[in-house]
Amino acid sequence: LPVALQVKNKAPAEVQITAEQLLREAKERELELLPPPPQQKITDVEELNDYKLRKRKTFEDNIRKNRTVISNWIKYAQWEESLKEIQRARSIYERALDVDYRNVTLWLKYAEMEMKNRQVNHARNIWDRAITTLPRVNQFWYKYTYMEEMLGNVAGSRQVFERWMEWQPEEQAWHSYINFELRYKEVDRARSIYERYILFTPLVVVHPEVKNWIKYARFEEKHSYCAHARRVYERAVEFFGEEHMDEHLYVAFAKFEENQKEVRAGEPTRVTRAEFVLGYQTGLRRTRRRVKNTVLQSLKVNKKEELWPRAGAGCVPCVSEAALPPRQSNPHNYDAWFDYLRLVESDAEAGTVREVYERAIANVPPIPEKRHWKRYIYLWINYALYEELEAKAKRTRQVYQACLELLPHKKFTFAKMWLLYAQFEIRQKNLPLARRALGTSIGKCPKNKLFKGYIELELQLREFDRCRKLYEKFLEFAPENCTSWIKFAELETILGDIDRARAIYELAIGQPRLDMPEVLWKSYIDFEIEQEEYEKTRNLYRRLLQRTQHVKVWISFAQFELSAGRDERLQCCRHIYEEANKAMRSCEEKEERVMLLESWRAFEEEFGTDATKERIDKLMPEKIKKRRKLQAEDGSDAGWEEYYDYIFPEDTANQPNLKLLAMAKLWKKQQQESEAAAVDPDKDIDESQT
């Protein structure tokens, strides 16, 4: 057995590459694109028979390799069907069923083939075999009944439905049977199906859910059988009893009786029934409410035991001792506080809930680090939202202000809290306070999120002068943020101030440090293209190429020249490719140069002549496999590594050593041929005579 190679050097490579980059490069180079297979034209019967023989042999070989792959069988049968060889296709399907008769797709494809070719009796035979073999596959039954109904065989479709109902299928199957009977105005048959649907026999219960009883009653009511509908409701009440009763049944029963009262106002008994049903339902709700309150009280006691009351720094007004829970084990378990507050909010009064909230926010994290405050700050957020939704706006403002005073803004802050406070003031139609809050936040603790929220607010108010001032402050705070520069320039473009937008872009690209310079340059170039300033766009490309010689910049420059719309656009584009090729000869990354040449070749194939195509073909490199020696971190030998390298014809012509090497190889080949001729001269004579 071959010995498995051990990798000695397990250190990460110096240049890391991500899976996203690999996929992007594969897409750009179109590595996975395969040429389409050649088309074969058949001219006579003999060629057709030969083609059929070869295809059948291919299919049979695939099946012989792996009989359990059903897709091979289906492709084989569909190919025979396309040739109108129905008998052969049937034979293939039957052979496949011998292999895997439980495959649902196989049965469906087989039956669909027969129906498509109008072989009705064959299709019936297949459906009968399918529902007999796999009776729990509902798709077979649906398609069988649908086929019979489309053929106008109502009796046959009903017979299939009856066979299906014997298996007591799911609810949708019963509804399909009922709708089938209603399509043909068979109300009595539909009623009998409902009876079997809910209670198959007195001893076998199929689907006795409340919703099915209600559907049965509404069916009777819809067809004006009110007495039958009332009888269904009464049977449902008797069936479930008081222990298992659902309030939805009582509500439906009461609505039914109320509708009957509206139709027949002279019968007081109907009103009495409705009132009785609603009264019973009210009593049932009270009982459930008492049970729910008992469960909630027990949960509250458990949550109280998890907490410990301890006043912290910066807490809001003191709370009465009556609202304090007993001794608790961990007062900074904020998840327990959330659960406890959720229970209190469900049934307590506003005063009690407010006292519990104040007790919770009194447990300030002891360490002034943001990771310890992330859960705690949500207590304040929930408290403020509760006050706004349930109480008054004045207390909500006090909650927000107390929280913002408590936060150590010199160390960290929460932009979310500032923005929520500003949004609250806007909902209260108090715009000056909202602006004051956001201005204070930017002055105390500027953050990108705060600037973006403030700018978004002013944009919604159409205060563009304020937006400009905010963008200026934002860029003074974070001049490396390319997204802010782009948004600022886009705002000026929307406002129609093109010169101001161009000046912003110029300031942006002049910054010494940027987080995403490529995005900024692309946005600037797209801006000039939209303004149809093609000469300025060319200058931008030239300035960008002075900073970087990346292959994508050259390709983008060439494509721009191609789409510029000038008469000499092809010459300009070709000139850019030539200039890029010269500039990248000294590039260490040969893959980038290959990308450039491939882009150039695609351009020439579409717009070039035979001479230009031949020229670019001569520039394409040769891909060879090489080996290099690896060393471990300690300097020891780590084996050999294979890699691919590219040899460009232009580089070969400029390097005399490579020329000398090629001549040496040719001389060695000639020496070997002369030595072989000296060993066997008769062979040379025979070859010359031939």
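Where does lysine 429 lie? I found lysine 429 in the loop between helix 20 (415-427) and helix 21 (431-444).

**Ground rules.** I am reading a predicted model, in which local features need pLDDT of at least 70, side-chain atom pairs count only at pLDDT 80 or more, and totals for chains, interfaces and linings use all residues. Residues are numbered from 1 along each chain as its sequence is written, and side-chain values use heavy atoms, with hydrogens and water left out. My helices (H or I, at least four residues) and strands (E, at least two) are DSSP runs, numbered from the N terminus.

I noted it as exposed, because its relative accessibility is 79%. For the record, exposed means over 50% relative accessible area, buried under 20%, and partly exposed in between (1.4 Å probe, protein chains only).

Next I looked at glutamine 168, in the loop between helix 8 (154-165) and helix 9 (171-183). Glutamine 168 is not a glycine either, yet it has a positive phi of about 50°. Its relative accessibility is 33%, so I wrote it down as partly exposed.

**Helix 3.** I checked the length of helix 3 (residues 70-82). The expected span is 1.5 Å times one less than the number of residues. After helix 3 comes lysine 84, with a positive phi near 65°.

**Glutamate 492.** Leaving aside residues up to four places away in sequence, glutamate 492 touches Arg468, Asp497, Arg500, Ala501 and Ile504. A contact here means heavy atoms within 4.5 Å.

I then turned to strand 1 (622-631) and strand 2 (637-647). They pair in the antiparallel sense over nine bridges; pairing needs at least two bridges found by DSSP. Isoleucine 624 stands opposite aspartate 645 in strand 2. Five residues sit between the strands of this hairpin, and glycine 635 takes a positive phi near 90°.

**The pockets.** On a 1 Å grid over the protein atoms alone, a pocket is an open set of points where a 1.4 Å probe fits, with protein on both sides within 12 Å along at least five of seven lines; lining residues have an atom within 4 Å of a point.

The largest pocket holds about 1,200 Å³ of space. It is lined by 30 residues, and Ile17, Glu25, Arg29, Glu589 and Glu591 are the closest to its centre. Helix 1 gives the most, with seven.

The second largest pocket holds about 560 Å³. Of its 20 lining residues, Glu28, Met595, Glu598, Ser599 and Ala602 lie nearest the centre. Which element supplies the largest share of this lining? I found that helix 30 does, with nine residues.

Key. Points joined across faces, edges and corners; volume = space filled by probe spheres on them.
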